[in-house]
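Let's take a friendly walk through one protein model, a piece at a time. Keep the 3D view open and look for each part as it comes up.

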Amino acid sequence: MKRLVILGGGYGGLNILHGLLDDLPKDVHIVVVDRNPYHSLKTEFYTIAAGTESDRHARVDFPEHDQVEYVFDEIEKIDVENEKVLMKNFAYDIDYDYLVIGLGCEDNYHGIEGAREFTESVQSFSQARSAGYSINNLGAYGKVTIVGAGLSGIEVASEVRESRSDLNIRLLDRGETVLKAFDHKIQKYVEKWFHEHDVEVIHNANVEYVERDGVCNNGLCYMNDVTVWTAGVQPNYLVRELPFDKDVQHKVIVNDYYQVPSHQNVYVIGDCASAEHSPSAQLAGQQGEKVAEVILAFLKSRVPEPPGEVKLKGALGSLGKNDGFGNMLQKPMTGVLPRLAKSGVLWLSKRH
């Protein structure tokens, strides 16, 4: 039996699984390793943090198949020299013939004192739950600071506002405008939304350190009850420890087939793989589809076709339940339509 091990049941890992199951050779056994017994819809974690949706809203059951085994546990180490994955609690190490690494990302605290210890996060299901517990347990007029005004920070801030009209919400933005990766029209629209909904936005922020009850920015310390960190990500620490060539962001450099050049039975996708595009669920999902085609060719002793370039369809963001923004049909759009489109994408993800 050939053994394919998929580390991470996120968007990329799940698409690989779906791409293989309809035509999987009988001599192949797949092992999927994930810390959770379900596929996590990370793009919806902001709703968990804000308390506007339950856990069930952001998870989907994994597909069942006779040739697929699931291991729900934390990984201790990826041993690429001996071709095995060491687990923390599982009864034995997991050997592989082919390995896919799709472990996603974790917060990058940029060496800022206190950031790791005293901030909440939305990078994992358990962290989003913790953030939701902290925010929703606040008394009236509590103070919440979100550090980082990219897509995650914007969605957390707006959803918390929709959840709690009484809270004092502050958004610290390192740049001169929110959502620096988006069109100027979208930036202005989101800024206006925050102004109208009484969310304070502070630009040109430079967080110096974080304390249990405050954030110090540009020499001024703001007292607050909860701080949520959305100011940058980095590949999972297990990937950063691997003896592979990496780019300046510590992402693994892969070839056109998403293989590690020095270990061509190892594939890396999503937030862990070096790419021209910014990390996103859409990117990981498309890479997963392409890797499934490559691996299936090898499993059937065929030469795989070059996967071709990833073609992203744009990015969507929410401002609460009834407003949003995004690049649709290569045009910047705001309001109800992109919000409905995002809901549609979520519906399709769950149905798939």
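Predicted model: local features only at pLDDT ≥ 70, side-chain atom pairs only at ≥ 80, totals over all residues.

Find Ile 75 and look across: its bridge partner in β7 is Met 87. The hairpin of β6 and β7 has 4 residues between the strands, and there Glu 83 takes a positive phi near 55 degrees.

Then there's strand β8 (residues 94–95), which runs antiparallel to β7 and is joined to it by 2 bridges. Here Val 85 stands opposite Ile 94. The link from β7 to β8 is a hairpin too, through 6 residues.

## A parallel sheet and its helix

Now for another part of the fold. Look for an open sheet of 4 strands with parallel pairing, in the order β13-β12-β11-β17. Which strands stand at the edges? They're β13 (199–202) and β17 (226–229); each has a single partner strand, so one side of each is left without a neighbour in the sheet. On average, neighbouring strands here are turned by 20 degrees against each other, ignoring direction.

Zoom in on β11 (residues 143–147), which pairs with β17 in the parallel sense over 4 bridges. In that pairing, Val 144 has Val 226 as its bridge partner in β17. Helix α5 (residues 151–163) packs on the sheet and touches β11, β12 (168–172), β13 and β17. The direction of α5 makes about 170 degrees with that of β12.

How many disulfides does the structure hold? There's 1. As a reminder, a disulfide is a covalent bond between the sulfur atoms of two cysteines. Here the two are Cys 216 and Cys 221, with an S to S distance of 1.9 Å. The torsion about their S-S bond is about 100 degrees, so this disulfide is right-handed.

A disulfide needs the two sulfur atoms within 2.5 Å. Cys 105 counts as buried at 12% relative accessibility, and Cys 272 counts as buried too, at 0%.

## Stepping back to the domains

Time to zoom out. The domain assignment gives domain 1 as 2–35 + 73–106 + 233–300, and domain 2 as 109–231 + 314–350. Their C-alpha centres lie 30 Å apart.

There's also a record to compare with. UniProt, in an unreviewed entry, places the feature "domain: FAD/NAD(P)-binding" at residues 3–288. The span 3–288 is 25% helix and 28% strand, and its end C-alpha atoms lie 18 Å apart.

Terms used
Residues numbered from 1 in each chain as written. Heavy atoms only, no water. Buried < 20%, exposed > 50% of the residue type's maximum accessible area, 1.4 Å probe, protein only. UniProt positions renumbered as here; feature names shortened; annotations may be inferred. Domains from an automatic or database assignment. Pairing = 2+ DSSP bridges. Axes fitted to C-alpha atoms, helices over the stretch in contact; angles between N-to-C directions. Contact = heavy atoms within 4.5 Å.
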